[in-house]
Amino acid sequence: MSNPPTPQSPTENAPENAPQPEARGAKARQLLGMKGAEAGEQNIWKIRLQLMKPITWIPLIWGVVCGAASSGSYTWTLENVLMAAACMLLSGPLMTGYTQTLNDFYDREIDAINEPYRPIPSGAISVPQVVTQILVLLVAGFALAYGLDVWAENEFPTITTVAVVGAFLAYIYSAPPLKLKQNGWLGNYALGASYITLPWCAGHALFGELNITIVVLTMFYSLAGLGIAIVNDFKSVEGDRQLGLKSLPVMFGIMPAAWICVLSIDIFQTGIAAYLVSIHQNAYAVLLMLLVIPQITFQDMYFMRNPLENDVKYQASAQPFLVLGMLVTGLAIGHAGL
């Protein structure tokens, strides 16, 4: 009797040149601009995309959704869907892509220490090519922002103004002499506001009239975004120390900075819930608090136990609940007619 065939591993019959799962994962992380990538990409368009860090577009795109919800005027028509999609293109690939490329340009020395696989320190793309990409994204962003103002029939070019403010904020965040990212407090708040206030205001202005209440409320919400921005500092502590950058983990130490991070995330979301109660949106306030609870759980499970090792795992687990809370807040504001 012949012996039965021996089960083979999935890679046993694979072609010699077939990429292994680990290699494919590294390539995907590289393309998305995530931590844990590797150098070696040759396709110039993939390199350009890597510079734009597509993984960072998602919160900005979501911010547009929250702004449309808070306007109270969004309806599911084809024209509105197309307008929202264009605003997402503005906030995500164009303006966030501009911001991330600009940041990589000015961070090429620190990236050579912390993330040597990034396109510029690895030599995958030249500095003139990077400058061209920055300018193209910026001009395209301004043009689309103005086009959206015209499409929405805004008397004042609100969306264009938001884009200009965002571009300026991105520049002073990354570039000397101000280089806000050198200051842990100002830099992280600027980042939080860029991820929450700016796309939210753009989405709101697209379908409604932007007012001071929305601006102030989203700037307050951005203090929770400050905590999310602090999480990103833990991956570059060593390089920040060497180059004298005053990130919060460098200034206060790992665990004190971790506490500042999680408390800002939790306290300011709770403050938003209290505000929703004050405008008689109690059901939305309760739902927002229910979304804060799993964030606290993941903070205890992952982040507070080892901020340096678990930063990405924590973000992947907890951030979906934070962004859902933003939408709950937007819906509450739209329902209240603010």
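Predicted model: local features only at pLDDT ≥ 70, side-chain atom pairs only at ≥ 80, totals over all residues.
**Aromatic pairs**

A pair of aromatic rings is described by the distance of the centres and the angle of the planes. The model has 11 aromatic pairs. Two of them are set out below.

| Pair | Centre to centre | Angle between planes | Class |
|---|---|---|---|
| Trp185 and Phe252 | 6.1 Å | 70 degrees | edge-to-face |
| Phe303 and Tyr314 | 5.1 Å | 35 degrees | tilted |

Take the pair of Trp185 and Phe252, which is edge-to-face. Its angle of 70 degrees falls in that class because planes over 60 degrees apart count as edge-to-face. Trp185 belongs to helix α8 (residues 184–207), while Phe252 belongs to helix α11 (residues 248–252). The pair therefore ties together parts that are 67 residues apart in sequence. How accessible is Trp185? Its relative accessibility is 39%, so Trp185 counts as partly exposed. Phe252 also has a relative accessible area of 39% and is partly exposed.

Now the tilted pair, Phe303 and Tyr314. Phe303 sits in helix α13 (residues 282–303) and Tyr314 in helix α14 (residues 307–336). This contact ties together parts that are 11 residues apart in sequence.

**Charges over rings**

Two arginines sit over aromatic rings. Arg48 lies over the face of Trp45, 5.8 Å from the ring centre. Arg108 places its charged end over the ring of Phe105, at 4.4 Å from the centre of that ring.

**A nonpolar surface patch**

Which residues make the nonpolar surface patch? They are Met255, Trp259, Leu263 and Ile267. The patch covers about 390 Å². Trp259 is part of helix α12 (residues 254–278). With a relative accessible area of 48%, Trp259 is partly exposed.

**A buried aspartate**

Asp104 lies in helix α4 (residues 78–106). Its relative accessibility is 2%, so Asp104 counts as buried. What does Asp104 touch, leaving out residues up to four places away in sequence? Its contacts are Leu51, Lys53, Asp111, Arg118, Pro119 and Ile120.

Technical notes:
Residues numbered from 1 in each chain as written. Heavy atoms only, no water. Patch = residues over 30% accessible without salt bridge, like charges linked within 9 Å, V, L, I, M, F, W, Y side chains within 5 Å. Areas by Shrake-Rupley, 256 points an atom, 1.4 Å probe, with all protein chains shown as cover. Salt bridge = Lys/Arg side-chain N within 4 Å of Asp/Glu carboxyl O. Helix = DSSP H or I, 4+ residues; strand = E, 2+ residues; numbered from the N terminus. Buried < 20%, exposed > 50% of the residue type's maximum accessible area, 1.4 Å probe, protein only. Phe/Tyr/Trp six-rings, centres within 6.5 Å; stacked < 30°, edge-to-face > 60°. Lys NZ or Arg CZ within 6 Å of the ring centre and 35° of its normal. Contact = heavy atoms within 4.5 Å.
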